Amino acid sequence: MFYREAGQFKTSYAADMAIFPIRQDRIGLAVILAIAFVAIPLTGDQFLLNTMMIPFLILSLAGIGLNILTGYTGLLSLGSAGFMGVGAYACYKLQTYFPQVNILVWIVVSGLASSAVGVLFGLPSLRIKGFYLVVATLAAQFFLEWAFARVPWLYNYNDSGAIEVSNQTLFGVYVTGPNATPATRYLVVLTIVTALTWIASNIVHGRIGRMWMAVRDMDIAAELIGIRLLRAKLTAFAVSSFYIGVAGALMVFLWFGSAEPEAFDINLSFQLLFIIIIGGLGSIVGAFFGAVIIHLLPIGLRALPALLHINVPGAMVEHLTYMITGALIIGVLIVEPHGLAKLWQTMKQKLRVWPFPY
Amino acid sequence: MNILHAIFVDPFAQMISAPDLLVQTVWEGFVGGVLYSLIALGFVLIYKASGVFNFAQGIMMVFAALTLVGLHEKGAPAWIALALTVAIMYALAVGVERVVLRPLVNQPDIILLMATFGLTYFLIGFGELVFGGNPKAMITEQLFLPSGAIDLSILGGKVTLQKLDIAAAAIALVMVAGLGLFFQKTRIGRALRAVADDHQAALSVGISLNQIWVVVWFAAGVVALATGIMWGARSDVSFALQVVALKALPVLILGGLTSIPGAIVGGLIIGIGEKLGEFYWGPLLGGGIERWLAYFIALAFLLFRPQGLFGERIIERI
């Protein structure tokens with residue numbers, strides 16, 4: 001009824017190819033952004049910002065990165081946590097060497113370091129395909145994890161072996177370190193994530209995105225129609241690792257505050273893979289849906305017994321959370337194997353033609 | 001020059017000057033490799049018959065071992081606990097077939113892979129909920145597994161062989177032979193091979209896919225139990241063992257996803273390769289390279305044979 005594009009005419013190719021061709025979508029997005037930028041920082045308490053929103057946004061960003069590689073280009077990766085680590089450590093090193101440059105610059109630049117490593121580990125993808133490629137990305141994951149622990153240069157030879165975030169300011173306001181308020185950090189993360197999401201959705205809707213999708217659907221056929229596989233696969237690795245690297249830098253600098261190599265272990269890679277598969281492979285918005293399920297749902301489950309005044313031991317809640325998450329993954333896959341993004345699409349389509357079935 | 005010397009000359013000189021150490025390292029790698037192969041074997045069984053890349057195999061191993069130890073702790077004698085565990089693995093196979101495989105039939109590979117991730121989480125939660133999250137000691141004596149070590153003096157030195165490791169290798173050998181016989185000689189084995197070859201053709205000659213899946217998952221569960229007992233005897237039983245299970249991935253991929261001999265040869269290459277690498281080249285890099293060496297070994301092989309050593313040749317058509 002409200003969601004209908006009747007009467008909205010497109011007069012140019014650009015308008016037809018817009019990311020949000022329907023006016024109601026644009027209004028909806030504006031409302032969401034207004035809530036995210038104004039309402040949440042004004043009203044949210046520390047728990048909402050620190051434990052829910054900042055991690056949610058960062059995981060979504062990493063999910064977008066992985067989705068570019070796995071969802072759009074069809075290259076299965078289990079090394080994302082390693083690439084997040086590269087972003088974080090690159091940012092840390094750059095900040096040690098050039099402390100006068102603003103940290104936000106380094107957060108974005110560290111994505112490039114992650115890109116370079118990603119391209120290096122992406123090289124085998126030209127020869128090795130499908131599940132076999134998992135080994136290459138696992139090699140990246142375990143090698144990088146080992147390097148973070150065993151190469152002292154990376155953590156400035158300190159005793160703890162962890163990287164610590166110092167206080168850094170932007171226009172006189174603390175954005176990182178212990179002095180930054182949750183609201184400031186939230187706004188910084190939100191700005192970066194919004195900007196990068198916007199860029200990502202433009203990339204995947206454009207020529208490069210179509211190139212990736214052709215490679216995903218069948219790489220030999222793509223090669224025959226004139227797509228250079230080397231370039232397509234390596235750009236996918238580069239862009240994807242850039243996003244994942246920035247997410248990693250954000251994770252350490254604006255969420256954790258300090259990190260040990262264990263923060264980037266294989267479980268984080270799995271978590272990111274869950275996010276994109278539950279959310280929907282090959283969908284930008286899916287990464288956000290997936291992050292809601294994978295990050296926010298367990299928080300909700302843990303809070304549930306207290307809300308219902310049932311006395312359940314903490315360890316048991318933890319185990320039940322595991323079981324429920326597992327069951328949910330299977331459940332979502334059975335209901336909608338193409339993820340929540342597909343469900344969202346179906347819902348919008350139904351709304352458009354309502355009250356008719358099609 | 002020094003670095004080149006340290007990489008290409010010193011380790012070999014060390015091997016020649018102390019052959020007993022070399023034999024010891026190779027033996028340890030061999031035993032580790034056998035156990036990796038067993039995990040990979042479970043993967044291959046399931047992948048061949050149902051096309052599912054069963055990520056949960058490692059967790060099934062831990063879960064089986066945990067169930068065995070947990071039941072024994074709750075008072076069941078060892079043999080009854082063992083029988084009960086086998087029964088539980090059967091129930092698990094039936095459950096997986098009913099709840100996961102049947103509704104997801106004909107979905108893309110990655111979706112099925114994902115479903116096994118879900119299964120992994122579920123089993124971790126369930127196992128810890130029922131039996132507790134603390135590491136437990138494997139009931140080696142009650143299962144009549146030998147302990148202690150044999151010292152052999154060869155090549156002018158001494159090599160220590162754990163009796164348990166010998167038993168593990170023997171059990172692995174028996175199991176592989178048994179599975180081979182089962183596949184070649186029995187009715188169900190033939191049906192399994194038919195399904196692995198072509199699902200639709202198998203269906204059309206009257207083989208029930210659902211039944212076959214239960215059988216394969218059960219077989220994989222029994223393999224998981226045997227592997228779990230062995231790994232559990234070498235270190236404690238806890239979900240931390242799943243890191244070991246991840247090592248089965250390079251083994252499996254190196255051998256080729258569909259090949260049982262591949263899983264075994266792959267396991268031995270990875271097991272021996274990583275031990276030798278860790279022992280002779282590890283110190284150059286500061287140690288701990290065992291964590292990633294297996295994956296690089298597999299990667300190196302794959303660059304030359306993208307389908308793995310014994311995998312079916314990948315033919316791509318437009």
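How many helices and strands does chain A have? Chain A has 14 helices and four strands. Keep in mind that this is a predicted model.

Let's stay with chain A for a moment. Its radius of gyration is 21 Å, and the globule rule gives 21 Å for 358 residues, so chain A is as compact as a globular protein of that length. The C-alpha trace spans about 65 × 60 × 45 Å along the principal axes of chain A. Of the 358 residues, 44% count as buried. Now the contacts in chain A between residues at least 6 apart in sequence: 74% of them join residues at least 24 apart.

On to chain B. Here we have 13 helices and two strands. The radius of gyration is 21 Å, close to the 20 Å from the globule rule for 318 residues, so chain B is also as compact as a globular protein of its length. Its C-alpha trace spans about 65 × 60 × 35 Å along the principal axes. Buried residues make up 46% of the 318 in chain B. Take the contacts in chain B between residues at least 6 apart in sequence, and 73% join residues at least 24 apart.

Next, the interface. On one side are 37 residues of chain A, in contact with 41 residues of chain B. Which helices of chain A each supply at least two residues to that side? They are α6 (133–150), α9 (219–224), α11 (266–279) and α13 (314–335). The most comes from α13(A), with 13 residues. By class, the chain A side has 31 nonpolar, three polar and three charged residues.

Now the core. The largest nonpolar core holds 206 residues. Those touching the most other members are A:I58, A:V135, A:Y243, A:L250, B:V216 and B:A298. Look at A:Y243. Beyond its neighbours within four places in sequence, A:Y243 is in contact with A:L61, A:A62, A:I64, A:G65, A:I68, A:L196 and A:A200.

Last stop: one helix in chain B. In α8, residues 187–197, the buried residues are B:A191, B:L192, B:V195 and B:A196. Why do they sit on the same side of α8(B)? Because they cover an arc of only 140° around the axis. In general, an α-helix has 3.6 residues a turn, so residues three or four places apart point the same way. The cover over the buried residues of α8(B) includes α3 (19–50), α7 (163–185), α9 (199–204) and α10 (209–234) of chain B. The face turned away from the buried side carries the exposed residues B:R187 and B:D197.

Technical notes:
Residues are numbered from 1 along each chain as its sequence is written. Chains are lettered from A and ligands numbered from 1 in the order in which they are written. This is a predicted model: local features need pLDDT of at least 70, side-chain atom pairs count only at pLDDT 80 or more; totals for chains, interfaces and linings use all residues. Two residues are in contact if their C-beta atoms, placed from the backbone, lie within 7 Å. Ala, Val, Leu, Ile, Met, Phe, Trp, Tyr, Cys and Pro count as nonpolar, Asp, Glu, Lys and Arg as charged, and the others, Gly among them, as polar. A nonpolar core is a set of buried Ala, Val, Leu, Ile, Met, Phe, Trp, Tyr and Cys residues joined through C-beta atoms within 7 Å. A residue is buried if 20 or more other C-beta atoms lie within 10 Å of its own, exposed if 12 or fewer, and partly exposed in between; C-beta atoms are placed from the backbone. The arc is that of the directions from the helix axis to the C-beta atoms. The radius of gyration is taken over C-alpha atoms; the globule rule is 2.2 Å times the number of residues to the power 0.38.
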